[in-house]
Amino acid sequence: MALNYTKKTVNHFLKPKNVGEVKNADAQIEVGNMVCGDQLSFSMKLKDGKIKDIKFLSFGCASNIATASLMTEKVKGMTIAQAKKFSWKDIVDDLGGLPKQKIHCSMMAVEGLQRLINSYEDRLKIKQA
Amino acid sequence: MNVYLDNAATTRIDPRVLKAMMPYLSEKYGNASSIHALGQDNNLILEQTRAAIAGLLKAETSGLLFTSGASEANNYILRGIMSANKAKGKHLVVSAIEHPSVLQTARELSRAGYELDIAPVDADGRVDLKALKKIVREDTALVSVMAVNNEIGTIQDLEAIAQIAHAKGAYFHSDIVQAIPYLRLDLKKMGIDACSLSAHKFYGPKGIGASYVRPGIKINNLISGGEQENGRRAGTYNLAGIVGMGTALELAYKERSVYLKDVKLLRDYLWKSLKKEIPEIKLNGGLKYRSANNLNIRFGRIEGEAILMDLSLRGIYVSTGSACSAHNLKSSSVLSAIGLADYDLNCNIRFTLGRFNNKKEIDYTVKNLKKTVARLRAFSPVK
């Protein structure tokens with residue numbers, strides 16, 4: 001099996017950014033599960049319509065950890081509108097490519113981000129109602 | 001420091017084996033099927049090696065043929081015996097923890113009109129003999145159970161399985177790839193009618209293996225179009241590989257008792273140290289019916305491939321299961337068959353020791369694994 005990671009992916013795996021849980025989070029979600037082999041937990045705090053802080057926990061392979069790390073790094077500081085446009089392709093490009101069978105990791109990270117935003121917006125709607 | 005603990009995937013070639021092979025890759029390059037002296041000299045070596053290998057396995061020389069490895073041998077035996085013995089029956093039985101070259105081939109045969117039953121195993125991976133007795137029928141042509149499992153090292157009761165197969169007139173095949181030199185094999189006495197082996201699992205070269213089918217058993221070809229192997233397998237003889245396999249097998253059994261003692265001592269030391277140093281770990285399968293070089297360990301709350309990759313970056317080479325099952329990134333069917341819960345299937349690491357490991361390497365492994373596990377658990381979402 002060809003499973004060569006780029007230096008950048010390896011670095012994110014060895015020294016992942018933004019691990020942990022954000023205190024007093026505005027949204028917190030989980031994607032995946034242990035049965036399918038990847039599980040990510042994300043939490044996020046917003047300020048003035050921007051992502052002020054975002055953190056993750058991972059039960060997953062090296063690329064699961066690396067893609068979540070890179071994603072949190074990239075979207076921190078973005079507005080919700082900008083974050084909604086963030087694509088898994090941005091992760092793959094930024095890492096300098098991912099092995100074919102690991103592309104799904106980048107998709108799972110972005111799925112986590114989108115669900116985080118949905119969860120935040122749902123809460124906002126309920127508060128406003 | 002580099003530590004290789006993946007000896008069930010492949011082994012490093014023994015320098016003595018390489019030395020024995022070299023002449024056949026250089027000056028003794030003749031085709032063993034050629035009539036002239038350069039060919040016939042090699043033909044003599046070919047047949048001497050065949051007899052020596054058969055002798056070590058207590059098998060009949062004329063039943064042994066050379067293949068590219070055990071995957072080919074497994075394909076040849078399953079497909080060849082089933083298709084040539086339809087008069088006997090179209091029923092095939094394999095165990096639940098076979099290598100994919102048996103399991104996948106068996107499934108393909110069942111799609112092609114043969115009947116397949118999978119024999120269940122217990123928590124140690126041993127075939128449930130009572131269940132097997134009920135599964136084997138009058139129209140069973142072949143029962144196939146591996147001697148030693150590649151993922152958890154389970155040693156099967158081959159003689160008992162052979163008896164169950166023979167009681168119904170079925171042939172018994174065993175994939176003995178992981179059994180050399182861990183088991184002392186006497187094919188005749190044990191009732192093994194057919195077997196498959198591969199040299200690179202016992203310090204020989206890659207790309208060479210053998211299939212044994214007891215003379216008298218009908219079997220169809222997998223590879224046709226040449227008179228090699230009495231017309232049973234076409235393709236120029238890989239003489240360097242064959243000589244390498246012969247030498248490796250001879251050394252494996254000559255040095256067996258010391259090797260087994262050494263590898264078991266190191267394996268037990270690794271397990272003892274891991275239990276002492278790392279919390280939340282479990283051994284998959286038991287120790288009693290396990291080959292002396294194998295450990296397969298579940299690490300609570302963290303994922304196997306992340307452990308593997310972290311260790312690899314520290315120069316320690318292990319596996320998450322079989323190299324083949326890692327390929328499709330699906331969790332192990334062997335661990336599933338011995339009863340692991342679905343959520344435990346992605347937390348496992350296989351350590352397989354070998355001749356070239358030493359205590360210093362084991363200490364280095366434990367020290368680093370402790371760091372790896374602590375690092376990954378620090379950001380696990382699993383409580």
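Predicted model: local features only at pLDDT ≥ 70, side-chain atom pairs only at ≥ 80, totals over all residues.
Trainee: How much area do chain A and chain B bury between them?

Mentor: The size of an interface is often given as the accessible area lost when the parts come together. In this model, 25 residues of chain A and 22 residues of chain B take part in the contact. Of the area buried, 72% lies on carbon and sulfur atoms, and the total is about 2,000 Å².

Trainee: Which side chains meet in a salt bridge between chain A and chain B?

Mentor: Side chains of opposite charge can pair when their charged atoms come close. Between chain A and chain B the count is one salt bridge, with an N to O distance of 2.8 Å. Its partners are Glu305(B) and Lys102(A).

Trainee: How many residue pairs are in polar contact between chain A and chain B, and which elements of chain A supply at least two residues each to the side that touches chain B?

Mentor: The count of residue pairs in polar contact is five, with both residues at pLDDT 80 or more. The elements of chain A that each supply at least two residues to this side are helix 1 (7-14), strand 2, strand 3 (50-59) and helix 2 (62-75).

Trainee: How many nonpolar residues does that side of chain A have?

Mentor: Sorted by class, the side of chain A that touches chain B has three charged and six polar residues. Its nonpolar residues number 16.

Trainee: Why does the salt bridge of Asp26(A) and Lys45(A) tie together parts that are apart in sequence, and how many residues apart are they?

Mentor: The closest N and O atoms of Asp26(A) and Lys45(A) are 3.8 Å apart. Asp26(A) is buried, at a relative accessible area of 17%, whereas Lys45(A) is partly exposed at 26%. Asp26(A) lies in the loop between helix 1 and strand 1 of chain A and Lys45(A) lies in strand 2 of chain A, so the parts tied together are apart in sequence by 19 residues.

Trainee: With which residue does Glu280(B) form a salt bridge?

Mentor: Glu280(B) is partly exposed, at 43% relative accessibility. The closest N and O atoms of the pair are 3.0 Å apart, and the partner of Glu280(B) is Arg301(B).

Trainee: In which helix do both Asp363(B) and Lys359(B) lie?

Mentor: The side chains of Asp363(B) and Lys359(B) meet in a salt bridge of 3.1 Å, N to O. Asp363(B) is partly exposed at 31% relative accessible area, and Lys359(B) is partly exposed at 46%. The two residues are four residues apart, about one turn of the helix, and both lie in helix 13 of chain B.

Trainee: Is Ile161(B) buried or exposed?

Mentor: Ile161(B) is placed in helix 6 (residues 158-167) of chain B. Leaving aside neighbours within four places in sequence, its contacts include Val127(B), Leu129(B) and Phe172(B). The C-alpha atoms of Ile161(B) and Val127(B) are 8.4 Å apart, although the residues are 34 apart in sequence. A residue under 20% relative accessible area counts as buried, and at 1% Ile161(B) is therefore buried.

Trainee: What is the relative accessible area of Asn7(B)?

Mentor: Asn7(B) is found in the loop between strand 1 (3-4) and helix 1 (15-21) of chain B. Beyond neighbours within four places in sequence, Asn7(B) is in contact with residues including Tyr203(B), Thr352(B) and Asn357(B). Asn7(B) is buried, and its relative accessible area is 6%.

Trainee: How far apart in space are Ile180(B) and Leu249(B), C-alpha to C-alpha?

Mentor: Ile180(B) is found in the loop between strand 6 (171-175) and helix 7 (187-190) of chain B, and it counts as buried at 1% relative accessibility. Not counting residues up to four places away in sequence, Ile180(B) touches several residues, among them Leu185(B), Phe202(B) and Leu249(B). Ile180(B) and Leu249(B) are 69 residues apart in sequence, and their C-alpha separation is 7.9 Å.

Key:
Residues numbered from 1 in each chain as written. Chains lettered and ligands numbered in written order. Heavy atoms only, no water. Contact = heavy atoms within 4.5 Å. Buried area = accessible area lost by both parts, 1.4 Å probe. Salt bridge = Lys/Arg side-chain N within 4 Å of Asp/Glu carboxyl O. Polar contact = N/O pair within 3.5 Å; in protein donor to acceptor, adjacent residues only side chain to side chain. Nonpolar A, V, L, I, M, F, W, Y, C, P; charged D, E, K, R; others polar. Buried < 20%, exposed > 50% of the residue type's maximum accessible area, 1.4 Å probe, protein only.
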